[in-house]
Amino acid sequence: MKYSSQGKQLSLDSFRSSLSSLSKSNRWVQLGDTLPWDEIERLYNHRLNNGKRGAGNKPARLIIGSLLIKHKMNLSDEETILAIQENPYMQYFVGLSEFTDRPVFDPTLFVTIRKRLGITDFNDMSVSLLNIQVERAKIKAEEQVTDKDGSPPGPLPGSGSDTEFTDSHGRLHKGSLKVDATCADAEVRYPTDIDLLHDGCKIINRYIHKLCERFFLAPPVTHYKASRSAYLEVIKLKKRSKKVIKRGKSLLLTYLIRDLRSFINLIAVNGTQLFDSLNRYERKVAIAIIKMYYQQLQMFKDGTHTCADRIVSIFQSHIRPIVRGKSKSPTEFGAKIGASIVEGYTFIDHHSWDAYNESTDLALQIELYHKRFGFLPAKIYADKIYMCKENRKLMKEMEIEAMGKPLGRPPKETKTQEYQSKMAEAVGERNEIEATLGTGKRIYRANDIRAKLPETADCWTAMCYFVKNVMKFLKERLRALFIGMQFIDNLGNSSRINLTMPRFAC
């Protein structure tokens, strides 16, 4: 392309145009033309209650599309709006008809959206994507009657190739279910007792001076400077002995309870309106500091490091330590989720801030599978913790095949080659969910949940895996198109051969 110098600076108005002329090969254009926006709109509007009163809502394509861009590109709320504002392809993806340099909406709306949408909504959207993929595969299979050899075509991606049967109770079984559990790590500092106590002293001291300034009261004596000195004496040491840490914790516990008493006395003497003047978040943090103090005091007296419902962050008091036993990080801090995979699509079946035994999820996951698809799974792939006696009894009653090693000691006699191949295949199939959870954390940042509220963190987690499902949907769509084009090309080649061969014979 040849460029020439301009006599004057071009204005932005000269670039304004319709988005219909954008390249169809762009990923955002392809994704915008592929997703079932009507079904997503129906599921999104189902959560709203503004049919008779209130302002009209923004289109679901604009809202869900913005969330997809945010988590696909790993952007903050503000950066997402700026990226859409600057990129015409993203504006086409979210449903705009022409380019605009204005923000599509205020970034604070993301918080409202995360409060509005939940895990169930994104699971329903993923089900709609999977159903559309299966229906398209059936249509493709019907169109391709025979290939050039005269044999029927093989199954297309997403059509489901697992055994389908009806059990003795007349229940339909179809497809496979792969289950596992993981932790969605929250973005918090690694918790230590010293850091927690120091944060408590700092925040309570800040609240005391804030209330005194607001209501023109004489500030009481506080001990933050002394607690800061005690904290630095410990934290600046390269090697900290147990004796030094214990002495630092003792001092911080003393200074914290003194400031807590001053804070409580200030409210008791001057009325509860002082406490009510704090916003909801500040009141929540103050209550968390009080609870954290008594937990730390009890652990200090008992000489332990564990207690029930232990607070690991006073700013996100709902987060609990989740012991996973991994070599890299034995303990993770966030929500524990039970996930399942069907035809490559990931669903979050259980989201809990408390640690629990994931084997109890299997009955719920089978029930949700039946609710979503209308039939029971034919096979279940899971690791050893799911294959306990209770779950095996449940699968036997439902006539579901358990794809895992049997309980008990290994037999003395060597198993047949067919049995060993079947077990190896089961392990290989189950690896899909291990890889999926790893992809969700590594690519879509499901191990860095930045939402601070419990009701918004579950939406953030669900969105990470929904984006993965959307990219899976797009990949399978393009793959089906490629297979269709290849089939047509092969059919054309065979027709040309049949037409030209008689000429050579003549």
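**Cavities, a pocket and packing**

Analyst: The second largest cavity is lined by Ile119, Phe122, Asn123, Ser126, Thr346, Ile348, Ala462, Tyr465, Phe466 and Asn469. The model is predicted.

User: Which helices and strand each supply at least two residues of the lining of the second largest cavity?

Analyst: The lining includes Ile119, Thr346 and Ala462. Elements that each give at least two residues to it are helix H7 (119-143), strand E6 (345-352) and helix H16 (454-505).

User: What is the volume of the second largest pocket?

Analyst: The second largest pocket has 29 lining residues, with Asp193, Lys249, Thr304, His305 and Arg310 nearest its centre. By class the lining divides into 14 nonpolar, six polar and nine charged residues. The volume of the pocket is about 790 Å³.

User: Which element gives the most to the lining of the second largest pocket?

Analyst: Elements supplying at least two residues each include helix H8 (193-215), helix H9 (224-235), helix H10 (242-270) and helix H12 (280-302). Strand E4 (320-323) and strand E5 (331-342) also supply at least two each. With four residues, the element that gives the most is H10.

User: How do H10 and H12 pack, and what is the angle?

Analyst: Two packed helices are described by the angle between their axes and the distance between the axes. H10 passes H12 in a left-handed crossing. The axes of H10 and H12 are 11 Å apart, and the angle is about 140 degrees.

User: How many nonpolar residues does the contact of H10 with H12 have?

Analyst: On the H10 side the contact includes Leu253, Leu256, Ile257 and Phe263, which meet a set in H12 that includes Ile289, Met292, Leu297 and Phe300. The contact also has two polar and two charged residues, and its nonpolar residues number 12.

User: Are the rings of Trp28 and Phe93 stacked, edge-to-face or tilted?

Analyst: The count of aromatic pairs is 10. Trp28 lies in helix H1 (residues 27-34) and Phe93 in helix H5 (residues 88-93), so this pair ties together parts 65 residues apart in sequence. The ring centres of Trp28 and Phe93 are 5.3 Å apart and their planes are at 55 degrees, so the pair is tilted.

Terms used. Residues are numbered from 1 along each chain as its sequence is written. This is a predicted model: local features need pLDDT of at least 70, side-chain atom pairs count only at pLDDT 80 or more; totals for chains, interfaces and linings use all residues. Side-chain values use heavy atoms; hydrogens and water are left out. On a 1 Å grid over the protein atoms alone, a cavity is a set of points where a 1.4 Å probe fits but cannot get out, and a pocket is an open set with protein on both sides within 12 Å along at least five of seven lines; lining residues have an atom within 4 Å of a point. Grid points are joined across faces, edges and corners, and a volume is the space filled by probe spheres set on the points. Ala, Val, Leu, Ile, Met, Phe, Trp, Tyr, Cys and Pro count as nonpolar, Asp, Glu, Lys and Arg as charged, and the others, Gly among them, as polar. Axes are lines fitted to C-alpha atoms, for helices over the stretch in contact, and angles run from 0 to 180 degrees between N-to-C directions. A crossing is left-handed if the near helix is turned anticlockwise from the far one by less than a right angle, and right-handed if clockwise. Contact means heavy atoms within 4.5 Å. Rings of Phe, Tyr and Trp (its six-membered ring) pair if their centres lie within 6.5 Å; planes under 30 degrees apart count as stacked, over 60 as edge-to-face and the rest as tilted.
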